[in-house]
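Work through the exercises below with the coordinates open. Try each task before reading its solution.

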Protein chains: 2
Amino acid sequence: MASLNFDHSSIFNNNPLDPEEFRRQGHVMIDFLADYYLNVEKYPVLSQVEPGYLRQRLPESTPYNPEPMETILQDVQEHIIPGLTHWQSPNFFAYFQCTSSTAGFLGEMLSAGFNVVGFNWIASPAATELETIVVDWLGEMLELPKSFLFSGNGGGVLQGTTCEAILCTLVAARDQMLSKIGRDNMRKLVVYGSDQTHIAFQKAAKIAGIHPNNVRAIKTTKSTSFALSPDFLQSEMCKDIEAGLVPLFLCATVGTTSTTAVDPVGALCHVAKDYGMWVHVDGAYAGSACICPEFRHFMDGVEGANSFSLNAHKWFLTTLDCCCLWVKDPSALIKSLSTNPEYLRNKATDSRQVVDYKDWQITLSRKFRALKLWFVLRSYGVANLRNFLRSHVKMAKAFEELVAMDRRFEIVVPRNFAMVCFRVLTKAMGIAMRKPKQSHQNGNAENGHYKVAEEEEEGSSNEVNQKLLESINMSGRVFMTHAVVGNVYAIRFAVGATLVEERHVIMAWKVVQEHATAILIKHQLKASFE
Amino acid sequence: MASLNFDHSSIFNNNPLDPEEFRRQGHVMIDFLADYYLNVEKYPVLSQVEPGYLRQRLPESTPYNPEPMETILQDVQEHIIPGLTHWQSPNFFAYFQCTSSTAGFLGEMLSAGFNVVGFNWIASPAATELETIVVDWLGEMLELPKSFLFSGNGGGVLQGTTCEAILCTLVAARDQMLSKIGRDNMRKLVVYGSDQTHIAFQKAAKIAGIHPNNVRAIKTTKSTSFALSPDFLQSEMCKDIEAGLVPLFLCATVGTTSTTAVDPVGALCHVAKDYGMWVHVDGAYAGSACICPEFRHFMDGVEGANSFSLNAHKWFLTTLDCCCLWVKDPSALIKSLSTNPEYLRNKATDSRQVVDYKDWQITLSRKFRALKLWFVLRSYGVANLRNFLRSHVKMAKAFEELVAMDRRFEIVVPRNFAMVCFRVLTKAMGIAMRKPKQSHQNGNAENGHYKVAEEEEEGSSNEVNQKLLESINMSGRVFMTHAVVGNVYAIRFAVGATLVEERHVIMAWKVVQEHATAILIKHQLKASFE
């Protein structure tokens, strides 16, 4: 027994999870973060560092001896914060927001604190059971058909991101189809989305081994506000079927990334149904808005789909990462994704009375994500959550009105939710269309000439808008991103940071105007010298 | 401008990220968790609830109005904690541990607090840069060959779990091979592991579309302590090549789940090399131990592999989830997993001077995981981290000695790290071998008879050990799990909880002995009545 005679505490001066040291350092960190939120507006929103900045500032290797938390936090302040792009800044209007909230954060803390691994029910029953409950709660708030809820023999699961949700459902659909048409027909499977579908879909198709030639990105146009046309889908599918291919999977979107376009879910499901295709509806961003009765119509027709997902970390205060996925037929997921190694065997699983979520997702290990969603739902309640979303939509609408009042600008596509796509009009700004470096090759043909002039105008306009966005972002005062739709470069102004207030929106518009004016003057000066 | 005249604060009584409310509630949560750690020993380790317990206790739907955090935390105490299996309890000896630490927890908090989405460099340069730095730091601690580090043109990435690491590398290998032999040859690809390889490998193969008939789980035996034999691998590969198939990928393991067996990495790489196979080395559990010079030899030969991974959340204090993956050729990952949608285009990416980690993993969105690993490395330092691991190995060794002293028990396989596989010997316990319900079908043939008797003995022994484990776990005093290797049911005793001390190990052994004695008496009584 000599081997037991060592002093554990002398090896590790303090146990790394000593409760009182945990308490002390935990309070320090809470104050650090509260102060960060107090000051977050003061930092440049988009980080201004140069590539490689951090390697120059940090030591080359792990220290041999421990360092106090205070020293580490000082380094966070001096070296990490300057390298952050501040997603929680109220002046962050880029991409789609990744919203934090006190409740979401506390739920994440509690989950990290318990640090249970809920791969199956027995490994922490509460983790599984709370998850089945909160996905039903949220499903009901969204008025998802009962068939998507546990209470209706469907069910939901919390995953990390939409990429995982799409990959899981695609693999389930793939295996279901291959079991019908034969495993060797993998080469024939075709998947469909639009040219506006999130890139996660293409990535999932790649990972799942769908042949790269069989991934369709059906063209959308301004005439449908960049929504996927059911007719286009049908004709694409017919072509594929004629070529001996097998339509497998459609990814429809409620609220695309570039412009928040909404695909006509009902009509698309109707087309897909005739061919036995799996339809997944990706509501990553806009799904959250559908808890408000006035936005629910955007997902009408979802009852015809096989699965639906939204990212609660985007616009639902739940802190990265939390993607909610509902499926009508959990057994399809389970057939593809289940594994039953001996070392995980247990009575509860054998009894078939429990959900083992490891069979609903890519990974085996999983965090207790349900806590943060439960905290958000309870801490804010249905009424406040709706009002929170509405306040962002209202601010976006106000921004849209500001844009409309300035004749130098236009709204590129109609606003659906809390994101405005706009651009400066170079014509209106009096910026010369002619670009000296290019020659008019088709100058003789009338139509050709017009076309080139138009394209050139668009090209020139795109360049100006790109410059405008760069100059806005480099100011550090706000951060916005862009999209290109129908060859038009648009600036995306997404309202949604938790801390955003109308004063930030007004200020952001002022920043846009100032930078537009500066560019206008520069171009006019340049033109006067030409 | 009328639309801007609403009072944001009246819509949401308080902003959901109001810094002072965040501070107040944050401190409450820290105290809640510190108290949880103080009391964690008092809870039954394995949750004692019945399936469906929670739905009966919680309301049917989301509350319409907000509820105070205090009420929610009371529900956590009353309804969630009883449904937890307490992974942070020092009496948790099941599976492999998922270790927390104050530093890991604080890093997780800070990451959740900043809540940045570092899909590419520009979205938060510090997130990407710190990650490239800490994976190099840890890689050097492991004495990974320079070719796996950024400083040697390889590189590392932090993912969630080993499932993701295997899937990513498998997809990279798959696409690399298909680009050589033609995309239509997917059906021919074969992947190899042993019957001890983690089930994540089979799952990854399924997801990546490898034909189910082409996933090899090569048999291991007790003679090699359940390590994969290079000869067996070679002969399996030769058979496949003769059948016109193409060897693609080998998953070797340092520290298997069932028994912590170590595959001979160098010899396996040598076999694989001749066929151009990708070799991934999965050190999910035992990889961490290799920061100690005395354990480093277990991964000798890794220089011949293409990729290596370990789970820092398992035995490296880093809180779920954090899988470190290193690859020699990041471009293989990037070729398979990169996507470049217009809405993510930016100058830094175009300059090719930066890492965009979205192209190194399955998902696009990603958390700032590097913070917690950086906190752990700095807060404890190389010396303490080694001592931490050594203390667990020492305790496991002590447990092994205790088992060896009791003649009723045997060690099933030699211990490599901090996990002991043991069982009670039914013979030694005097438990009747004869099982009345079964007849001796091969009673006439001498050899047959012996074999059946042996199998029956094993079967009876397995049953007794299963009962013993169930009775131990139902006591709530400790939690262990099992494995079946070479038809033997073994109880796995994994030392590794952060809070574990020698007194817990000694107590666990007493619990085992008590329950074994009780079962022995029960069986003897039963036998005396037969």
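**Exercise 1: a bent helix**

H14(B) bends by about 90° at Gly381(B). The model is a predicted one.

Task: compare the end-to-end span of helix H14 of chain B with that of a straight helix, then find how many of its residues are buried.

Solution. 
- Step 1. Helix H14 of chain B covers residues 370-405, which is 36 residues.
- Step 2. At 1.5 Å a residue, a straight helix would reach 52 Å.
- Step 3. The end C-alpha atoms of H14(B) are only 45 Å apart, short of that span.
- Step 4. For burial, the cut-off is under 20% relative accessible area. By it, 29 of the 36 residues of H14(B) are buried, and the helix is mostly covered.

**Exercise 2: the surroundings of a valine**

Solution. 
- Step 1. Lys222(B) is 263 residues from Val485(B) in sequence, yet their C-alpha atoms are 8.2 Å apart in space.

**Exercise 3: cysteines**

Task: how many disulfides does the whole structure hold? Check Cys421(A) and Cys323(B).

Solution. 
- Step 1. A search over all chains finds zero disulfides.
- Step 2. For Cys421(A), the nearest cysteine sulfur belongs to Cys290(A), 18 Å away. A disulfide needs sulfur atoms within 2.5 Å, so Cys421(A) is in none.
- Step 3. For Cys323(B), the nearest cysteine sulfur is that of Cys324(B), at 6.5 Å. Cys323(B) is in no disulfide either.
- Step 4. Now burial. Cys421(A) is buried at 2% relative accessible area, and Cys323(B) is buried at 0%.

**Exercise 4: two domains in chain A**

Task: what area do domain 1 and domain 2 of chain A bury between them, and which domain 1 residues lose the most?

Solution. 
- Step 1. Domain 1 spans 16-47 + 84-98 + 382-530, and domain 2 spans 116-368.
- Step 2. Their C-alpha centres are 31 Å apart.
- Step 3. In chain A, 25 residues of domain 1 contact 29 residues of domain 2.
- Step 4. These domains bury about 2400 Å² between them, 72% of it on carbon and sulfur atoms.
- Step 5. On the domain 1 side, Phe96(A), Leu389(A) and Phe417(A) lose the most area to domain 2, together 31% of what that side buries.

Technical notes: Residues numbered from 1 in each chain as written. Chains lettered and ligands numbered in written order. Predicted model: local features only at pLDDT ≥ 70, side-chain atom pairs only at ≥ 80, totals over all residues. Heavy atoms only, no water. Helix = DSSP H or I, 4+ residues; strand = E, 2+ residues; numbered from the N terminus. Expected span 1.5 Å × (residues − 1). Bend = angle between axes of the 7 residues up to and from the residue. Buried < 20%, exposed > 50% of the residue type's maximum accessible area, 1.4 Å probe, protein only. Domains from an automatic or database assignment. Contact = heavy atoms within 4.5 Å. Buried area = accessible area lost by both parts, 1.4 Å probe.
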